[in-house]
Amino acid sequence: MVRLVAITMQTKELITMADFVLYALLAGISIAVVAGPLGCFVVWRRMSYFGDTLAHSSLLGVALAILLNLQMQVAIIGSCLAFAALLLLLEKKQALATDTLLGIIAHSTLAFGLMVLSISDRVQVNLNAFLFGDLLTVTRSDLFWIVSCCLVCGVVLILFWKRFLAITVHRELAMIEGLAADRLYALLVFLIAILIAVAMKIVGVLLITSLLIIPAAAARRVSNTPEQMALGAAIAGCLAVMGGLGLSYFWDTPAGPSIVATAFVLFIVVYLKPTSGKR
Amino acid sequence: MDRDLLIKARGIGVNFEGRQILSHIDLEIFQGQLVTLIGPNGAGKTTLVKVVLGLLTPDEGQMERAQGLKIGYMPQKLFVEPTLPLTVERFLKLASPSALDVGTLLEEVRISHLLKQQVSRLSGGEMQRVLLARALSRKPHLLVLDEPAQGVDVNGQIELYELINIIRADHNCGVLMVSHDLHLVMAGTDEVICLNQHICCHGKPEHVSTDPAYLALFGRREAETLAVYTHHHNHSHDIKGAIIGEACCDHHADKGTHNHG
């Protein structure tokens, strides 16, 4: 009897264990699938610093949400979108060189965010989770949230793919050919903002950009068309998520950094591969 | 507007942060006409092109376009990130419906062999032809070419200008071309506009090349290769382009060239 109970408990534990790994895997893969193609635009448009700034500033949103006791997911997405709008506005004004501007915003919002977090004593805050991600605590409702946001981003990205590509290759040519380049660019930035907001759970604000650019950079080496690169980046991202989770599961390393480290190793492997003649 | 008038600009003026970039520009381009815009660096050529393209709304003046006017634009240069894998074929298809016959288009600009080439690996001259093909892909009524021969060697330039002339004849489209100098573009040009914030002189190339305003802008040595002519400057431009000393005479009262004496 006792033995039977023990066995039941073991199986139950196994199921929950499998559940949280499964949730983490599903969440990570849905983000990687969208982050790959979106990350291609980040690479093509040289926006990695822009992505970093968005991610850092979203920590301020997190801090404010905790302070004001707001619903976390909504607050993170809201603050990411708000900072994206602010960055677009400032970029258009061109008061300062873009990288200086981004540097100021990235680090001051990070500083303010950390300050606000330290004074809010309402909730026990796990700062590490926000900075480096906490994939293994993904709940069923988190998963639902992440998958639906990724689905929306993915569908919009597919619908606007050709137009985004046209404004990326040459803004003015695209405008003369009838595209509203500024609005399309804003849409692209908002997609990146949403993805960063949901990916925060996976890799944290400090590592998010790497999930956008490393798989895309790795895929560049083996692709001849933009679509091949997008697909390659999605696949590379998925492999990184699976590898990283595996590392985390078996060696108990933190999930977010493990995913980024796996992506980096993948990137190195692809780059060390000898090229077959002229590409 | 006249039936074959493509664009008509009247009294265009553009200011940028309090600086006058263009003033009192009149411009007409007819179907089948090749208009060349020349002028030194900073003369406002690219700004005027942007006004014609509709990318920039002028602060003064009116810009009229023929109904349903389709413009093909060839930018000064195109830099495609090496991280963006893009073949010439794909680049051309970005412009228009997928039914585009890329093969014929490339044949027209004599670069059929580059169909599958990566855009980031093209040479200067090849890139210019690809850009020309892209401009043509929309079957435009008006071609706007911003320094089409930039980064191309002299032989390549001659070929490129010949090609532009052939294309103009085949398509019977209007062409507005920006160029640094007159030498190579002379032959096919119907009208030359010499720009330095205002229109200094305009007319047939052989007229313009002997016009004092042209000579004043481009300097004697360059001009002497085209015509022997002595003259004295009666005005010059300061660094912002404002006229120092005696003002330019009325540019717009008469068609054709004007005298500075």
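A residue counts as buried if 20 or more other C-beta atoms lie within 10 Å of its own, as exposed if 12 or fewer do, and as partly exposed in between, with C-beta atoms placed from the backbone. Helices (H or I, at least four residues) and strands (E, at least two) are DSSP runs, numbered from the N terminus. The model is predicted: local features need pLDDT of at least 70, side-chain atom pairs count only at pLDDT 80 or more, and totals for chains, interfaces and linings use all residues. Residues are numbered from 1 along each chain as its sequence is written, while chains are lettered from A and ligands numbered from 1 in the order in which they are written.

The buried set of α5(B) comprises Q157(B), L160(B), Y161(B) and I164(B). These residues cover an arc of only 100° around the axis, so they sit on the same side of α5(B). The arc is that of the directions from the helix axis to the C-beta atoms. An α-helix has 3.6 residues a turn, so residues three or four places apart point the same way. On the other side of α5(B), N155(B), A169(B) and D170(B) are exposed. The helix holds 18 residues (154-171) and should span 26 Å at 1.5 Å a residue; its end C-alpha atoms are 26 Å apart, which agrees. The expected span is 1.5 Å times one less than the number of residues. Just after α5(B), N172(B) takes a positive phi of about 50°.

Chain B is divided into domain 1 (5-70 + 140-244) and domain 2 (78-139), with bounds from an automatic or database domain assignment. The contact takes 10 residues from domain 1 and 10 residues from domain 2 of chain B. Two residues are in contact if their C-beta atoms, placed from the backbone, lie within 7 Å. On the domain 1 side, α5(B) gives the most, with 4 residues. By class, that side has 7 nonpolar, 2 polar and 1 charged residues. Here Ala, Val, Leu, Ile, Met, Phe, Trp, Tyr, Cys and Pro count as nonpolar, Asp, Glu, Lys and Arg as charged, and the others, Gly among them, as polar.

Chain B contains 8 helices and 11 strands. Of its 261 residues, 41% are buried. Chain A has 11 helices and 0 strands. Of the 279 residues in chain A, 44% are buried. Among contacts with a separation of 6 or more, residues 24 or more positions apart account for 65% in chain B and for 78% in chain A.

Between the chains, 17 residues of chain A are in contact with 18 residues of chain B. On the chain A side, α1 (2-44), α6 (140-169), α7 (171-176) and α10 (226-251) each supply at least two residues. The largest share, 4 residues, comes from α7(A). By class, this side has 10 nonpolar, 4 polar and 3 charged residues.

The largest nonpolar core holds 161 residues, of which L195(A), I196(A), V198(A), A199(A), V144(B) and C194(B) touch the most other members. Such a core is a set of buried Ala, Val, Leu, Ile, Met, Phe, Trp, Tyr and Cys residues joined through C-beta atoms within 7 Å. Its largest share, 15 residues, comes from helix α8 (residues 181-203) of chain A. Domain 1 and domain 2 of chain B both give residues to this core, so the core lies between them. Not counting residues up to four places away in sequence, A199(A) touches I31(A), A35(A), I208(A) and L211(A).
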